[in-house]
Amino acid sequence: MTNYGELMPVNIITGFLGSGKTTLLQRLLRSPELSEVAVLVNEFGEVGLDHHLLQGVAESTLLLENGCLCCAVRGDLQKALRNLLSQQTRGSVPHFRRVVIETSGLADPAPIAYTLLSEAVLRHHFRLSGIITTIDAVNGANQLGTFPEAVKQVSMADRLVVTKADLSDGPSVAALRARLRTLNVAAQILESTEIPGDIRHLLTDDIYDAAGKFREASHWKAEAVDEPADHEHTAGVQSFAVIFDRPLDWSSFGVWASMLLHRHGADVLRLKGILNVAGLPTPVLINGVQHIVHPPSHLERWPDADRRSRLIFIVRGLQRSRIERSLAIFSDLVNQPALLPA
Amino acid sequence: MCALCGVLGGKAHWSDSASAPAVFAGRSEPQTRTRERQARVRILNAVLKHHSVVVKDWSGNAYLLTSRTGRTAIVDTVGDIWPAAERISGRICDPLDERYLSTLTNREGSNAAP
């Protein structure tokens, strides 16, 4: 079986209409370290992209039998990524090590993640690296209040890039950042003007990248603070951390999480966690998008002295207290005398 | 594929340690795949007792589910168990359901494994 971390990383750049996705992509592609990148775009906008390996795809989604929108295969991507693989094998396109997909302004990132992890061919060649969402500082707050698509794009992101902050005022930008933090406690929030010189980290840092996984997990750690259960939310979406003092039994956790995502996956927009697993000296990282959980990764050492497990949930309409209680009960099952190994 | 019985290799699930060998290489007590599946099956049986569904490991590659009425299902991974259990038992599998959680806590110390 191929090591998941060795598969070709795919980044998603999403964001509402006119939020600056293509401008950000232009900046990223100017970085010499990101020269071997293939780009798939869903729509050609006003900002032109000049890139040697750029292909357009018409958005189409194949709904599967279970009818769940997040578990749908994006037929366009399936075809485009298979074509890219084929072209690379034949040598008919320049060599590339990473793929960036720029979605349309109203796209849902979940089917893209599902396509990468479940499609028969693609899952052996590609992995989801990270989701970057751009938010317009001028119109972003209004869009979050009006369009559920914008809320979902923010909720599912690993990195949130606030664009056009220079066209807004300080208090408005601060209020927008606070709202973004409420929706997504685990994402790094950056203003496009404060992106560091080494912009490639925006794409390359993820929990499977040897050089970047510690940086990536540090965002989860730093922001995984206890949030009040009744804080302000948007479109029913809220994010919170569930913290466990005792080491978790991996089998119990896997059974619990898979059952939870079976029943409530459509409402668990993201699930991230730094887990203290019984019997393991180093923390285990898990990363899920709705019904999909990627194979776990791990850090070589704990980020600090805190050894508690932290699970970050970004959910729609689910109660934190109920999730905590459920996980606690499942974790205790392993201590039942009848369940102890003979 | 198993040369003796013709069973194809099962799909990997993210919760199988085989899906990320490097993550679980540092275990203080080395665990074989068989032991891991046995431990998981014990937990699954405790979790699905309320549904009157019994789970057995099937050739180390799949799970065999049997309902009280004798309906059966064979599935590849833990993730596939829940829709199959719902289908053969007629009950939903919801770990956030309060009544269901109460049945799990009330059974503590009882003989949960079938």
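Mentor: Two strands are said to pair if DSSP finds at least two bridges between them. With that in mind, and noting that this is a predicted model, we may begin with one such bridge: W58(B) has A62(B), in β2(B), as its bridge partner. In general, strands of a sheet pair through backbone hydrogen bonds, either parallel or antiparallel.

The whole sheet is open and has three strands in the order β1-β2-β3 of chain B, with antiparallel pairing. Its edges are β1 (53-58) and β3 (72-75) of chain B; each has a single partner strand, so one side of each is left without a neighbour in the sheet. On average, neighbouring strands of this sheet are turned by 20° against each other, direction ignored. Across β1, β2 and β3 of chain B lies helix α3 of chain B, residues 78-89, which runs at about 20° to β2(B).

Chain A is divided into domain 1 (4-219) and domain 2 (228-336). Their contact takes 28 residues from domain 1 of chain A and 27 residues from domain 2 of chain A. On the side of domain 1 of chain A that touches domain 2 of chain A, there are 20 nonpolar, six polar and two charged residues. Helix α9 of chain A (residues 250-264) is mostly covered, with 13 of its 15 residues buried.

Definitions and conventions: Residues are numbered from 1 along each chain as its sequence is written. Chains are lettered from A and ligands numbered from 1 in the order in which they are written. This is a predicted model: local features need pLDDT of at least 70, side-chain atom pairs count only at pLDDT 80 or more; totals for chains, interfaces and linings use all residues. Helices (H or I, at least four residues) and strands (E, at least two) are DSSP runs, numbered from the N terminus. The expected span of a helix is 1.5 Å times one less than its number of residues. A residue is buried if 20 or more other C-beta atoms lie within 10 Å of its own, exposed if 12 or fewer, and partly exposed in between; C-beta atoms are placed from the backbone. Axes are lines fitted to C-alpha atoms, for helices over the stretch in contact, and angles run from 0 to 180 degrees between N-to-C directions. Two residues are in contact if their C-beta atoms, placed from the backbone, lie within 7 Å. Domain bounds come from an automatic or database domain assignment. Ala, Val, Leu, Ile, Met, Phe, Trp, Tyr, Cys and Pro count as nonpolar, Asp, Glu, Lys and Arg as charged, and the others, Gly among them, as polar.
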